[in-house]
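Hi,

Here is the model I said I would pass on. Have a look at it first, and my notes follow below.

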Amino acid sequence: MRKVKKREVLIVSVGKKRVIIAASMLAVAICIGVIIGSVAGYVTKSAFVNTPSSEASIGEDLSQLVTSQPVSEQPVSSAAEISEIPSSKPVSSAVSRPTSVPSSSSSSSKASSSPNSAAIAKEMEAIQAMFPNFYVDPTEKIAHKAGDKVAYLTFDDGPSALTPQVLKILADNDVKATFFVIGRSDEQSKKWMKEIVDQGHTIGMHTYTHNYKQIYASPTAFFTDLSKLNDLITEATGVKPQIVRFAGGSVNSYNKAIARPVADELTRRGYTYFDWNVSAGDAEKGATAQSIYQNTVNETLQFEKAVILFHDASTKHDTVKELPKIIETLKKNGYRFDKLDPSVKPIIFKLPAH
Ligand SMILES: [Zn+2]
């Protein structure tokens with residue numbers, strides 16, 4: 001009896017131990033799960049951090065991009081996500097520079113790269129022989145000088161019916177700015193493009209169609225689109241554009257697989273591309289005149305060198321309305337205004353790793 005009882009106690013105690021061990025293991029498993037979950041969440045968020053909700057101002061693309069990154073996740077200060085590229089060594093357009101990593105090792109060595117990175121590398125090689133007129137002379141980059149407070153106003157998606165108003169405000173305030181235009185080929189739009197150039201502003205390329213799915217379907221699709229816009233701007237203004245702003249920014253949820261090779265090829269061809277470190281948020285859902293003013297001023301004050309993203313579209317009345325006030329406030333805070341050109345060291349998003 002006693003013996004049995006003792007054995008029972010023993011079994012119970014062993015049983016308890018088992019329960020305790022099992023519980024501990026469960027707790028450890030949950031911890032590991034949480035850690036893995038957090039890391040995965042962080043990685044996912046990082047990968048999409050440059051998803052350009054603020055860039056999604058053209059038609060159907062808005063919903064797709066906003067879905068990828070809620071407006072609330074748009075970083076107020078993007079400083080950590082944005083780096084200035086080192087001054088790129090001018091590359092002679094006549095010399096072919098190998099693009100991307102060698103195809104033999106790229107597909108096997110990096111699990112993170114796209115499964116078809118070898119195919120992309122091959123495509124990039126073919127592109128080097130295409131678009132023979134799509135080159136400009138590379139320009140030496142000049143770094144920002146500490147203490148120089150400079151604001152670069154940039155307007156994407158134009159020209160539009162509001163372009164003349166934007167130009168008038170800029171002229172009234174003696175401010176030069178930058179317009180990254182899209183492929184509007186009607187006569188009126190071409191006149192506006194010419195007006196931008198004639199008034200001393202910089203005109204840059206923002207892709208012809210601004211259709212993310214189409215332009216980022218492949219590197220060839222991208223360069224076909226951009227060289228078409230190059231032709232249109234050159235015809236309309238007599239000036240060959242030298243700078244680019246990718247539709248949606250240089251790294252976005254549509255172009256991750258091709259962002260780096262395409263950026264490398266643009267650079268090889270002498271072009272300079274610019275992202276931004278301040279967004280007016282004028283293409284975001286719920287933007288108001290007040291939010292545009294506040295976003296722009298608050299974010300700009302965090303930087304000595306601010307590249308500010310606005311949109312030039314027929315619906316952006318609030319942007320036009322706030323522009324004089326924004327210029328006035330920034331001037332009061334010691335900022336000068338300038339236009340982008342290929343000698344300005346660009347602010348660009350971090351490219352995905354090779
Ligand atoms: Zn755009």
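Let me start with Ile347, which counts as buried because 23 other C-beta atoms lie within 10 Å. The cut-offs for that word: a residue is buried with 20 or more other C-beta atoms within 10 Å of its own, exposed with 12 or fewer, and partly exposed in between, with C-beta atoms placed from the backbone. Ile347 sits in strand β10 (residues 347-349). Helices (H or I, at least four residues) and strands (E, at least two) are DSSP runs, numbered from the N terminus.

Two housekeeping points before I go on. This is a predicted model, so treat it as such: local features need pLDDT of at least 70, side-chain atom pairs count only at pLDDT 80 or more, and totals for chains, interfaces and linings use all residues. Residues are numbered from 1 along each chain as its sequence is written.

Back to Ile347: between its C-alpha and that of Tyr273 there are 8.5 Å in space, against 74 residues in sequence. Ile347 is also one of the residues touched by Val307, along with Tyr152, Thr154, Phe274, Trp276, Asn277 and Val278, if you leave out residues up to four places away in sequence. Touching, or contact, is when two C-beta atoms, placed from the backbone, lie within 7 Å.

Val307 and Tyr273 turn up again in the largest nonpolar core, which has 68 residues: together with Leu153, Ile233 and Ile308, they touch the most other members. Helix α8 (residues 219-237) is the biggest giver to this core, with 7 residues. A nonpolar core here is a set of buried Ala, Val, Leu, Ile, Met, Phe, Trp, Tyr and Cys residues joined through C-beta atoms within 7 Å. As background, nonpolar side chains in soluble globular proteins tend to be buried together.

For the overall picture, the chain has 11 helices and 10 strands, and 39% of its 354 residues count as buried. Taking contacts between residues at least 6 apart in sequence, 80% join residues at least 24 apart.

Two long-range pairs I picked out:

- Ala121 is in helix α4 and counts as buried, with 20 C-beta neighbours inside 10 Å. Its C-alpha is 9.5 Å from that of Ile258, 137 residues away along the chain.
- His201 is in the loop between α6 and β4 and is buried too, with 22 C-beta neighbours inside 10 Å. Beyond four places in sequence, His201 is in contact with Lys176, Ala177, Thr178, Phe179, Ile196 and Lys339.

Now helix α5 (residues 163-172), where the buried residues are Thr163, Val166, Leu167 and Leu170. Seen down the axis of α5, these fall within an arc of 100 degrees (taken over the directions from the helix axis to the C-beta atoms), so they line one face of the helix. An α-helix has 3.6 residues a turn, so residues three or four places apart point the same way. The buried residues of α5 pack against β2 (150-156), α6 (187-198) and α11 (317-332), while the face turned away from them carries the exposed Lys168 and Asp172.

What about α10 (residues 289-300) and α11? Their axes come within 9 Å and cross at roughly 30 degrees; axes are lines fitted to C-alpha atoms, for helices over the stretch in contact, and angles run from 0 to 180 degrees between N-to-C directions. By class, this contact has 6 nonpolar, 4 polar and 4 charged residues. Ala, Val, Leu, Ile, Met, Phe, Trp, Tyr, Cys and Pro count as nonpolar, Asp, Glu, Lys and Arg as charged, and the others, Gly among them, as polar.

Last, some backbone spots to check:

- The peptide bond from Gly158 to Pro159 is cis, with omega near -5 degrees; Pro159 lies in the loop between β2 and α5.
- Phe131, a residue other than glycine, has a positive phi, near 45 degrees.
- Thr207, also not a glycine, has a positive phi near 80 degrees. Thr207 is in the loop between β4 (202-205) and α7 (212-215) and is buried, with 24 other C-beta atoms within 10 Å.

Cheers
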